[in-house]
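This report describes how parts of one protein chain pack and pair with each other. Please examine the sequence and the structure before reading on.

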Amino acid sequence: PRPRADCNMTISSVRVAAERLRAVGARPTPVLRSDWVDATAGCACYLKAEHLQRTGSFKYRGATNAVAGLDAASAALGVVCHSSGNHGAALAAAAAERGVPCCVVVPRTTPGAKIDNMRRYGARVVLCEPTQSARSETAAAEAAAMGGAAFVHPYDDAAVLAGQGTIGLELAEELPQLDAVLVPVSGGGMVGGIAVALHALRPGVRVIAVEPKGKGLGRCLALSQRVLDPEAANGALDTIADAIRTKCLGPTPWAAASQLLDPAVLSVDDDQIRAAMRIALLELKQVVEPAGALTLAALLSPAFKQLREEHQLRHVAAIVCGGNIDLETLFLHVRTGP
(Lines give C-alpha, C1' and ligand atoms only; values in the text may rest on other atoms or scores of the structure.)
Protein backbone atom coordinates (compact mmCIF):
# COMPACT_ATOMS: atom_id res chain seq x y z
CA PRO A 1 0.00 0.00 0.00
CA ARG A 2 1.03 3.60 -0.59
CA PRO A 3 2.27 5.57 2.44
CA ARG A 4 -0.10 7.73 4.43
CA ALA A 5 0.16 11.45 3.67
CA ASP A 6 1.94 13.54 6.27
CA CYS A 7 -0.24 16.65 6.15
CA ASN A 8 -1.49 16.90 9.75
CA MET A 9 -4.78 15.37 8.67
CA THR A 10 -6.22 11.91 9.22
CA ILE A 11 -9.54 10.18 8.68
CA SER A 12 -10.35 11.05 12.30
CA SER A 13 -10.05 14.73 11.37
CA VAL A 14 -12.47 14.16 8.51
CA ARG A 15 -14.99 12.49 10.82
CA VAL A 16 -14.77 15.44 13.24
CA ALA A 17 -15.42 17.78 10.32
CA ALA A 18 -18.45 15.72 9.30
CA GLU A 19 -19.88 16.05 12.82
CA ARG A 20 -19.35 19.82 12.73
CA LEU A 21 -21.17 20.03 9.41
CA ARG A 22 -24.06 17.98 10.75
CA ALA A 23 -24.22 20.31 13.78
CA VAL A 24 -25.02 23.28 11.52
CA GLY A 25 -27.59 21.33 9.52
CA ALA A 26 -25.52 20.64 6.41
CA ARG A 27 -26.58 17.52 4.55
CA PRO A 28 -24.71 15.27 2.11
CA THR A 29 -25.00 16.55 -1.45
CA PRO A 30 -26.91 14.41 -3.96
CA VAL A 31 -25.37 12.19 -6.61
CA LEU A 32 -26.76 12.80 -10.10
CA ARG A 33 -27.00 10.20 -12.88
CA SER A 34 -27.50 10.47 -16.64
CA ASP A 35 -27.96 7.65 -19.12
CA TRP A 36 -26.51 9.92 -21.83
CA VAL A 37 -23.37 10.67 -19.83
CA ASP A 38 -22.93 6.98 -18.97
CA ALA A 39 -23.25 5.96 -22.61
CA THR A 40 -20.90 8.67 -23.84
CA ALA A 41 -18.28 8.12 -21.14
CA GLY A 42 -18.48 4.34 -21.47
CA CYS A 43 -19.01 3.64 -17.76
CA ALA A 44 -21.38 4.29 -14.88
CA CYS A 45 -20.88 7.94 -13.85
CA TYR A 46 -21.87 9.42 -10.51
CA LEU A 47 -21.89 13.22 -10.43
CA LYS A 48 -21.44 14.53 -6.88
CA ALA A 49 -23.46 17.75 -6.87
CA GLU A 50 -21.33 20.10 -4.77
CA HIS A 51 -22.81 23.03 -6.68
CA LEU A 52 -25.94 22.36 -4.61
CA GLN A 53 -24.01 22.72 -1.35
CA ARG A 54 -24.65 25.79 0.81
CA THR A 55 -23.17 28.94 -0.78
CA GLY A 56 -23.07 27.14 -4.14
CA SER A 57 -19.82 25.19 -3.83
CA PHE A 58 -17.87 22.55 -1.92
CA LYS A 59 -15.97 25.32 -0.11
CA TYR A 60 -18.62 25.52 2.61
CA ARG A 61 -17.33 22.26 4.05
CA GLY A 62 -13.77 23.39 4.72
CA ALA A 63 -14.69 26.90 5.82
CA THR A 64 -17.27 25.63 8.30
CA ASN A 65 -14.83 23.15 9.80
CA ALA A 66 -12.12 25.80 10.13
CA VAL A 67 -14.38 28.37 11.80
CA ALA A 68 -15.94 25.78 14.12
CA GLY A 69 -12.46 24.77 15.25
CA LEU A 70 -11.50 28.25 16.49
CA ASP A 71 -11.56 28.87 20.22
CA ALA A 72 -13.92 31.58 21.49
CA ALA A 73 -11.23 34.25 21.91
CA SER A 74 -9.84 33.75 18.42
CA ALA A 75 -13.27 33.62 16.80
CA ALA A 76 -14.31 36.87 18.47
CA LEU A 77 -11.60 38.74 16.53
CA GLY A 78 -13.11 37.57 13.26
CA VAL A 79 -11.81 35.72 10.24
CA VAL A 80 -10.02 36.77 7.05
CA CYS A 81 -9.25 34.99 3.80
CA HIS A 82 -8.26 35.62 0.22
CA SER A 83 -10.40 33.98 -2.40
CA SER A 84 -11.40 33.88 -6.04
CA GLY A 85 -14.97 33.88 -4.80
CA ASN A 86 -16.32 30.57 -3.56
CA HIS A 87 -14.13 30.20 -0.47
CA GLY A 88 -14.94 33.80 0.46
CA ALA A 89 -18.69 33.19 0.33
CA ALA A 90 -18.28 29.98 2.30
CA LEU A 91 -16.18 31.63 5.00
CA ALA A 92 -18.64 34.53 5.23
CA ALA A 93 -21.51 32.08 5.74
CA ALA A 94 -19.59 30.09 8.34
CA ALA A 95 -18.62 33.28 10.16
CA ALA A 96 -22.21 34.53 10.13
CA GLU A 97 -23.40 31.24 11.59
CA ARG A 98 -20.96 31.70 14.46
CA GLY A 99 -21.71 35.42 14.79
CA VAL A 100 -18.23 36.74 14.02
CA PRO A 101 -16.99 39.30 11.44
CA CYS A 102 -15.46 38.27 8.14
CA CYS A 103 -13.25 40.04 5.62
CA VAL A 104 -12.52 38.57 2.18
CA VAL A 105 -9.72 39.75 -0.10
CA VAL A 106 -10.49 39.06 -3.76
CA PRO A 107 -8.65 39.70 -7.03
CA ARG A 108 -10.08 42.66 -8.93
CA THR A 109 -10.81 40.22 -11.81
CA THR A 110 -13.33 38.29 -9.69
CA PRO A 111 -16.77 38.03 -11.37
CA GLY A 112 -19.37 40.39 -9.96
CA ALA A 113 -21.76 37.54 -9.18
CA LYS A 114 -19.20 36.01 -6.82
CA ILE A 115 -18.53 39.33 -5.09
CA ASP A 116 -22.28 39.79 -4.64
CA ASN A 117 -22.51 36.27 -3.21
CA MET A 118 -19.82 37.05 -0.62
CA ARG A 119 -21.54 40.27 0.43
CA ARG A 120 -24.85 38.47 0.60
CA TYR A 121 -23.42 36.28 3.38
CA GLY A 122 -22.08 39.29 5.26
CA ALA A 123 -18.47 39.58 4.12
CA ARG A 124 -16.57 42.85 3.91
CA VAL A 125 -14.88 42.60 0.50
CA VAL A 126 -11.49 44.14 -0.29
CA LEU A 127 -10.11 44.09 -3.84
CA CYS A 128 -6.46 43.41 -4.74
CA GLU A 129 -4.29 42.68 -7.76
CA PRO A 130 -4.70 39.18 -9.25
CA THR A 131 -1.43 37.69 -7.98
CA GLN A 132 -0.75 35.27 -5.16
CA SER A 133 1.57 37.73 -3.42
CA ALA A 134 -0.97 40.56 -3.53
CA ARG A 135 -3.67 38.29 -2.16
CA SER A 136 -1.49 37.12 0.74
CA GLU A 137 -0.13 40.56 1.61
CA THR A 138 -3.55 42.25 1.53
CA ALA A 139 -5.14 39.52 3.64
CA ALA A 140 -2.35 39.79 6.23
CA ALA A 141 -2.83 43.56 6.42
CA GLU A 142 -6.60 43.20 6.88
CA ALA A 143 -6.16 40.57 9.60
CA ALA A 144 -3.82 42.91 11.48
CA ALA A 145 -6.21 45.83 11.08
CA MET A 146 -8.95 43.72 12.69
CA GLY A 147 -6.75 43.19 15.73
CA GLY A 148 -5.40 39.76 14.85
CA ALA A 149 -8.25 38.05 13.03
CA ALA A 150 -7.74 34.38 12.18
CA PHE A 151 -6.59 33.78 8.62
CA VAL A 152 -8.33 30.84 6.94
CA HIS A 153 -6.42 29.83 3.83
CA PRO A 154 -8.59 28.60 0.94
CA TYR A 155 -6.60 25.37 0.57
CA ASP A 156 -3.31 25.33 2.51
CA ASP A 157 -4.90 24.53 5.87
CA ALA A 158 -5.37 21.12 7.53
CA ALA A 159 -8.82 22.03 8.87
CA VAL A 160 -9.95 23.10 5.41
CA LEU A 161 -8.61 19.87 3.91
CA ALA A 162 -10.46 17.84 6.53
CA GLY A 163 -13.68 19.65 5.70
CA GLN A 164 -13.29 19.00 1.98
CA GLY A 165 -12.41 15.41 2.83
CA THR A 166 -16.00 14.87 3.98
CA ILE A 167 -16.84 14.57 0.27
CA GLY A 168 -14.68 11.45 0.21
CA LEU A 169 -16.37 10.19 3.36
CA GLU A 170 -19.78 10.50 1.70
CA LEU A 171 -18.58 8.82 -1.49
CA ALA A 172 -17.14 5.89 0.47
CA GLU A 173 -20.41 5.42 2.33
CA GLU A 174 -22.78 5.97 -0.61
CA LEU A 175 -20.85 4.38 -3.49
CA PRO A 176 -18.79 1.39 -2.29
CA GLN A 177 -18.56 0.14 -5.89
CA LEU A 178 -16.40 3.04 -7.07
CA ASP A 179 -13.27 2.39 -9.10
CA ALA A 180 -12.21 6.03 -9.40
CA VAL A 181 -13.18 9.61 -8.63
CA LEU A 182 -12.38 12.64 -10.77
CA VAL A 183 -11.65 15.78 -8.74
CA PRO A 184 -11.08 19.33 -10.03
CA VAL A 185 -7.80 20.77 -8.83
CA SER A 186 -6.61 24.30 -8.14
CA GLY A 187 -4.72 24.82 -4.87
CA GLY A 188 -5.43 21.20 -3.92
CA GLY A 189 -7.60 21.43 -0.81
CA MET A 190 -10.40 19.29 -2.19
CA VAL A 191 -8.29 16.73 -4.04
CA GLY A 192 -5.97 16.37 -1.04
CA GLY A 193 -8.80 15.96 1.45
CA ILE A 194 -10.68 13.46 -0.70
CA ALA A 195 -7.48 11.49 -1.32
CA VAL A 196 -6.76 11.14 2.40
CA ALA A 197 -10.35 10.08 3.17
CA LEU A 198 -10.60 7.53 0.38
CA HIS A 199 -7.12 6.14 1.02
CA ALA A 200 -8.26 5.34 4.57
CA LEU A 201 -11.70 4.00 3.68
CA ARG A 202 -11.46 2.70 0.09
CA PRO A 203 -7.76 2.39 -0.73
CA GLY A 204 -8.48 0.74 -4.07
CA VAL A 205 -10.25 3.82 -5.46
CA ARG A 206 -8.14 5.89 -7.84
CA VAL A 207 -8.24 9.63 -7.13
CA ILE A 208 -7.64 11.37 -10.46
CA ALA A 209 -7.07 15.12 -10.64
CA VAL A 210 -8.66 17.17 -13.41
CA GLU A 211 -7.00 20.48 -14.27
CA PRO A 212 -7.46 23.35 -16.69
CA LYS A 213 -5.06 23.01 -19.61
CA GLY A 214 -1.67 24.50 -18.83
CA LYS A 215 -1.46 23.76 -15.12
CA GLY A 216 1.05 20.93 -15.47
CA LEU A 217 0.23 18.97 -12.32
CA GLY A 218 1.06 15.67 -14.00
CA ARG A 219 4.64 16.82 -14.55
CA CYS A 220 4.86 18.01 -10.94
CA LEU A 221 3.75 14.57 -9.73
CA ALA A 222 6.15 12.79 -12.05
CA LEU A 223 9.09 14.90 -10.84
CA SER A 224 7.93 14.99 -7.18
CA GLN A 225 8.27 18.76 -7.33
CA ARG A 226 5.46 21.02 -6.10
CA VAL A 227 6.60 24.19 -7.91
CA LEU A 228 8.36 23.91 -11.26
CA ASP A 229 8.59 27.64 -12.02
CA PRO A 230 8.52 29.83 -8.87
CA GLU A 231 8.23 33.07 -10.84
CA ALA A 232 5.26 31.91 -12.93
CA ALA A 233 3.57 30.44 -9.84
CA ASN A 234 2.70 33.95 -8.65
CA GLY A 235 0.39 34.46 -11.61
CA ALA A 236 -2.91 32.86 -12.59
CA LEU A 237 -3.87 30.29 -15.20
CA ASP A 238 -5.47 31.55 -18.40
CA THR A 239 -8.79 29.70 -18.24
CA ILE A 240 -12.50 30.51 -18.21
CA ALA A 241 -12.69 28.47 -14.99
CA ASP A 242 -12.20 31.53 -12.74
CA ALA A 243 -12.50 29.47 -9.54
CA ILE A 244 -9.43 27.34 -10.28
CA ARG A 245 -6.74 29.61 -11.68
CA THR A 246 -4.13 28.83 -8.99
CA LYS A 247 -1.06 27.37 -10.70
CA CYS A 248 0.45 25.28 -7.91
CA LEU A 249 -0.80 23.13 -5.06
CA GLY A 250 -0.23 24.45 -1.56
CA PRO A 251 2.36 22.70 0.63
CA THR A 252 -0.27 21.07 2.87
CA PRO A 253 -2.39 19.48 0.10
CA TRP A 254 0.78 18.63 -1.83
CA ALA A 255 1.87 16.42 1.08
CA ALA A 256 -1.21 14.29 0.47
CA ALA A 257 -1.51 14.64 -3.29
CA SER A 258 2.10 13.76 -4.07
CA GLN A 259 1.66 10.42 -2.31
CA LEU A 260 -1.96 9.49 -2.91
CA LEU A 261 -3.07 10.82 -6.31
CA ASP A 262 -3.16 8.70 -9.42
CA PRO A 263 -0.19 9.69 -11.60
CA ALA A 264 -2.54 10.30 -14.52
CA VAL A 265 -3.89 13.87 -14.60
CA LEU A 266 -6.66 14.83 -17.02
CA SER A 267 -6.42 18.28 -18.63
CA VAL A 268 -9.32 20.03 -20.35
CA ASP A 269 -9.40 23.22 -22.39
CA ASP A 270 -11.92 26.04 -22.47
CA ASP A 271 -13.89 24.62 -25.39
CA GLN A 272 -14.31 21.30 -23.58
CA ILE A 273 -15.46 23.16 -20.47
CA ARG A 274 -18.04 25.16 -22.45
CA ALA A 275 -19.36 22.00 -24.08
CA ALA A 276 -19.68 20.35 -20.66
CA MET A 277 -21.57 23.37 -19.30
CA ARG A 278 -24.07 22.98 -22.14
CA ILE A 279 -24.41 19.26 -21.48
CA ALA A 280 -24.98 19.93 -17.77
CA LEU A 281 -27.74 22.35 -18.69
CA LEU A 282 -29.41 20.25 -21.38
CA GLU A 283 -28.90 16.69 -20.12
CA LEU A 284 -28.70 17.13 -16.35
CA LYS A 285 -30.86 20.29 -16.10
CA GLN A 286 -28.16 21.79 -13.89
CA VAL A 287 -26.48 25.21 -13.99
CA VAL A 288 -22.77 24.93 -13.19
CA GLU A 289 -19.91 27.39 -13.38
CA PRO A 290 -16.90 26.59 -15.61
CA ALA A 291 -14.93 24.96 -12.77
CA GLY A 292 -18.01 22.91 -11.92
CA ALA A 293 -18.05 21.51 -15.47
CA LEU A 294 -14.39 20.45 -15.39
CA THR A 295 -14.86 16.82 -14.41
CA LEU A 296 -17.82 16.33 -16.76
CA ALA A 297 -15.61 17.65 -19.56
CA ALA A 298 -12.96 15.14 -18.52
CA LEU A 299 -15.43 12.22 -18.46
CA LEU A 300 -16.32 12.97 -22.09
CA SER A 301 -12.71 13.36 -23.26
CA PRO A 302 -10.59 10.96 -25.36
CA ALA A 303 -7.97 10.98 -22.59
CA PHE A 304 -10.49 9.56 -20.12
CA LYS A 305 -11.52 6.87 -22.60
CA GLN A 306 -7.90 5.74 -22.79
CA LEU A 307 -7.56 5.77 -19.00
CA ARG A 308 -10.87 3.94 -18.53
CA GLU A 309 -9.85 1.19 -20.94
CA GLU A 310 -6.35 0.88 -19.50
CA HIS A 311 -7.55 0.46 -15.92
CA GLN A 312 -10.97 -1.10 -16.63
CA LEU A 313 -12.86 1.64 -14.80
CA ARG A 314 -16.54 0.74 -14.59
CA HIS A 315 -17.84 3.02 -11.82
CA VAL A 316 -16.52 6.57 -11.72
CA ALA A 317 -17.55 9.54 -9.58
CA ALA A 318 -16.97 13.12 -10.66
CA ILE A 319 -17.11 16.15 -8.38
CA VAL A 320 -19.23 19.01 -9.73
CA CYS A 321 -17.55 21.59 -7.54
CA GLY A 322 -19.55 24.81 -7.96
CA GLY A 323 -22.44 26.67 -9.56
CA ASN A 324 -21.81 30.35 -8.88
CA ILE A 325 -22.12 32.12 -12.21
CA ASP A 326 -24.05 35.15 -13.45
CA LEU A 327 -26.60 34.74 -16.23
CA GLU A 328 -24.69 36.81 -18.80
CA THR A 329 -21.54 34.71 -18.45
CA LEU A 330 -23.56 31.48 -18.45
CA PHE A 331 -25.32 32.47 -21.71
CA LEU A 332 -22.01 33.51 -23.27
CA HIS A 333 -20.39 30.15 -22.55
CA VAL A 334 -23.30 27.88 -23.46
CA ARG A 335 -23.97 29.72 -26.72
CA THR A 336 -20.37 29.59 -27.97
CA GLY A 337 -17.76 26.92 -28.55
CA PRO A 338 -17.57 23.79 -30.73
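The axis of a helix is a line fitted to its C-alpha atoms over the stretch in contact, and angles run from 0 to 180 degrees between N-to-C directions. The model discussed here is predicted.

**Helix packing**

Helix 8 (residues 158-174) packs with helix 9 (residues 189-201) at an angle of about 45°, and their axes are 7 Å apart. Helix 8 is therefore oblique to helix 9. The crossing of the two helices is right-handed. Among the residues that meet are Leu161, Ile167 and Leu169 in helix 8 and Met190, Ile194 and Leu198 in helix 9. The residues of this contact comprise nine nonpolar, six polar and no charged.

**Salt bridges**

Side chains of opposite charge can pair when their charged atoms come close. The structure holds 13 salt bridges, including those in the table.

| Salt bridge | Closest N and O atoms |
|---|---|
| Glu174 and Lys48 | 3.8 Å |
| Arg54 and Glu97 | 3.1 Å |

Is Lys48 buried or exposed? Lys48 is buried, because its relative accessible area is 0%. Its partner Glu174 counts as partly exposed, at 35% relative accessibility. Lys48, Glu50, Arg61, Glu170 and Glu174 are linked in a network of salt bridges.

Definitions and conventions: Residues numbered from 1 in each chain as written. Predicted model: local features only at pLDDT ≥ 70, side-chain atom pairs only at ≥ 80, totals over all residues. Heavy atoms only, no water. Helix = DSSP H or I, 4+ residues; strand = E, 2+ residues; numbered from the N terminus. Parallel < 35°, antiparallel > 145°, perpendicular 65-115°, else oblique. Left-handed = near helix turned anticlockwise from the far one by under 90°. Contact = heavy atoms within 4.5 Å. Nonpolar A, V, L, I, M, F, W, Y, C, P; charged D, E, K, R; others polar. Salt bridge = Lys/Arg side-chain N within 4 Å of Asp/Glu carboxyl O. Buried < 20%, exposed > 50% of the residue type's maximum accessible area, 1.4 Å probe, protein only.
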